[in-house]
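The exercises below ask you to read features from a structure and to check each reading step by step. Please have the sequence and the coordinates open while you work through them.

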Amino acid sequence: MQSHAKQVVALMNQLPKKDELKFLEKQPGNKKFINETNKVFISVINGLRSLVGDVQINQTTIPFKQIEETLDQFLENAAIQFDKMNKLSVAPKQPQVQKSNQPKPKDIYGFADVIQLNKLPFIPVLKCKQYAQTELDQKIIEAQNNPYQFFEKNGIDEFTHPYYEEIMRLTPQDFVLDVPSKINRFRDLEPPIMIRNADQLGELILKIQQEVDQNGYSEIAVDLEHNHQISYLGITCLIQLSTRTQDYIIDPFPLWKQLGDMLSAVFSNPKIVKVFHGAENDVQWLQRDFGLYIVNLFDTFHASKELQLMQNSFQFLLSEYCKKSTDKTYQTADWTQRPLSDEMVKYAQIDTHYLLYIYDRMRQDLKKLNKPNENLNNVPNYYIECVLKRSKETSLKIYKKPLQDQDQSLQIILNKQDRRIDSKSFDLMVKLLELREELGIQYDQNPRYFLPNPFLFKLVESKPTSIQELKSQLGGEKNIHDIIKENLWQFLKVLLEFDEKVPTVEVMQQEQQNTTQIQIEEIQPSIQVEPLKIIQISVNLQKFQNQNTKIVQHSFQNENIELIKDQFQCESPFKLLNVFYDGLGTQIFQSMKEQSQQQKQLVEEVEQQKIQKINTSDFIQLPKLEETNRDQSKELDIRLNNTLQNQHGTKILKRHQKIEQQRTQKSNISNRFEIL
């Protein structure tokens, strides 16, 4: 199986690149052949996507962004099944999942005050720079001291990378380029040293610094365990660090506020190469939580790309170079739980234990590669320098909060779900995303965890107009997250605003204002009609607690909605929304009815005043119209109608026509007109 897969990868690497393909398409007869090949390729990709469980398989164009993910997932699934067949791995115990009502690490260990849980752009948290070639930007310090005043004064969305100059000026180090001809075998797996306090962390930093002083350089492997489900921004749960002689696992929770200042001496030191695999997320999480920036990074993910390996995952590198396997069960485990099980500690340790050996082997393979161009033969470390260049780009990534990347996130959601929506549905999606983000900040939970993206599309497509429809679209009440249950009304309100069939409270108030401010032939209403103001109605709950105590108590928990609906006889979800917009009980419903009747009566009185005004007014005698002027008069009437329609809408025009009919029906009015 592996030999065939390698042959496929080798053949794929021989395919023409983008520029070469454009050139070939211009040659006679090639375009038709390329189009036919594309159709076959698309059918193969759709087949692979169906095998890995992707429901969006009806592609008519080549989904380049998803091909790599699909192939990686397909090959990883095949590798897992192959391991199970050969009994190379034993499935560990099922990891425990943290319950939503459990306290969070930030509250237990007292670092909630340094989490930037707000709508402001992210502010770098480092206070000073070590091994600096330039000073720390004063804007960062100013923003740290007065964040709200700073962003109100300065319209910026992000800060420059604090270590940009240090990273860009760094040249490839000899200890990275020089690969020993003989590489020592990796160490046997032994229990790691757990670091839970500042003294233990200080000893680790001192050992690394002593190695730098002795050899002129040091090499460490680093990885993180992260949880993005129980918090809005996400949280770093473990830092695994391995040297050539020992493995360490750092618990960041008890060290949160001092860890960044201490580890900065290692991560910003250019004489220490930091080996990661797939560091794009790790570098941003270290910035967000501890203000750590990586100078001199070597990412083995980029090395696997340069080597054009069959897969780029760490599991594949572990199998390819070390003939070891690891189970991915704990990849999505709850790493915030304490204490950690022995199985979880071992899983975390493996991520860095073998990484330095893989780093050595990959550098050897990079040196053996043939140069892509004869002019590069005099550059012995061409491919290693390519990896270092790509690693620089990774280390220059800047962390942004989810709200800062909202437009990009929405585009990613649309691309990943393979959806195309109209402009109105797009606006609705934006509103729902904004509400989801606000709830994520309020409850400090990952929005994509309590309301996944596929459900957003279901809401946009179905546009439910009642609580029951909304629950049904979200998978039923048992499957709805507690955060959504507590805020169903907010989602329904947003959906109703985009539903043309169901008016909102604001729309009704605007209609009432329009109908009470009609001016025709300079007739002013003498009575001012106030619009319906449901929000200002006071609620006397004491009156209902004796009779309906159970209903009132349930209503505060957003429970038993059907019982409340039946009790107060609200026939439609719109009425139900109006009744319980900012209160509860039949008092609101009755007050709403009384106000509506009063307004109707006032409008009728205004109409009677208008008719009375017409009946008692002296009308100007109209001149006799000549036959030739009738067409012109007809044209003026049409223009008048159009003007009224444009200014006040069709409702105003109909009302004007109705008054004209009433006028002509009154004999005492018609007798006043004298035709000369």
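Helices (H or I, at least four residues) and strands (E, at least two) are DSSP runs, numbered from the N terminus. This is a predicted model, in which local features need pLDDT of at least 70 and side-chain atom pairs count only at pLDDT 80 or more, while totals for chains, interfaces and linings use all residues. Residues are numbered from 1 along each chain as its sequence is written, and side-chain values use heavy atoms, with hydrogens and water left out.

**Exercise 1. Work out which strands β5 pairs with and where the side chains of β5 point.**

Step 1. Two strands pair if DSSP finds at least two bridges between them. Strands β2 and β5 run parallel and are joined by 4 bridges, with I220 standing opposite K274 in β5.

Step 2. With strand β6 (residues 297-299), β5 pairs in the parallel sense over 3 bridges, and F276 has D299 of β6 as its bridge partner. From β5 the chain crosses through helix α12 (residues 280-290) to β6, and this β-α-β crossover is right-handed, a term used when, with the strands pointing away from the viewer, the path from the first strand over the helix to the second runs clockwise.

**Exercise 2. Find how many aromatic pairs there are, and examine two of them.**

Step 1. Rings of Phe, Tyr and Trp (its six-membered ring) pair if their centres lie within 6.5 Å, and planes under 30 degrees apart count as stacked, over 60 as edge-to-face and the rest as tilted. By this rule the count is 17 aromatic pairs.

Step 2. F175 and Y217 are stacked, because their ring centres are 4.7 Å apart and their planes lie at 5 degrees. F175 belongs to helix α9 (residues 174-177) and Y217 to the loop between α10 (198-215) and β2 (218-227), so the pair ties together parts that are 42 residues apart in sequence. F175 is buried at a relative accessible area of 13%, whereas Y217 is partly exposed at 30%.

Step 3. F186 and Y357 form an edge-to-face pair, with 5.2 Å from centre to centre and 80 degrees between the planes. This pair links F186, in the loop between α9 and β1 (193-195), with Y357 in helix α16 (residues 355-368), 171 residues apart, and both F186 and Y357 are buried.

Step 4. A charge sits over a ring if NZ of Lys or CZ of Arg is within 6 Å of the ring centre and within 35 degrees of the ring normal. R185 lies over the face of F186 at 4.3 Å from the ring centre, and the charged end of K129 sits over the ring of Y163, 5.1 Å from its centre.

**Exercise 3. Locate backbone exceptions in the loops.**

Step 1. Most residues other than glycine have a negative phi, and most peptide bonds are trans.

Step 2. The peptide bond from R338 to P339 is cis, with omega near 0 degrees, and P339 lies in the loop between α14 (314-322) and α15 (342-353).

Step 3. Q308 has a positive phi near 55 degrees; Q308 is placed in the loop between α13 (300-306) and α14 and is partly exposed at 42%.

Step 4. K463 has a positive phi of about 45 degrees, and its place is in the loop between α21 (453-462) and α22 (467-473).

Definitions and conventions. Buried means under 20% relative accessible area, exposed over 50%, partly exposed in between (1.4 Å probe, protein chains only).
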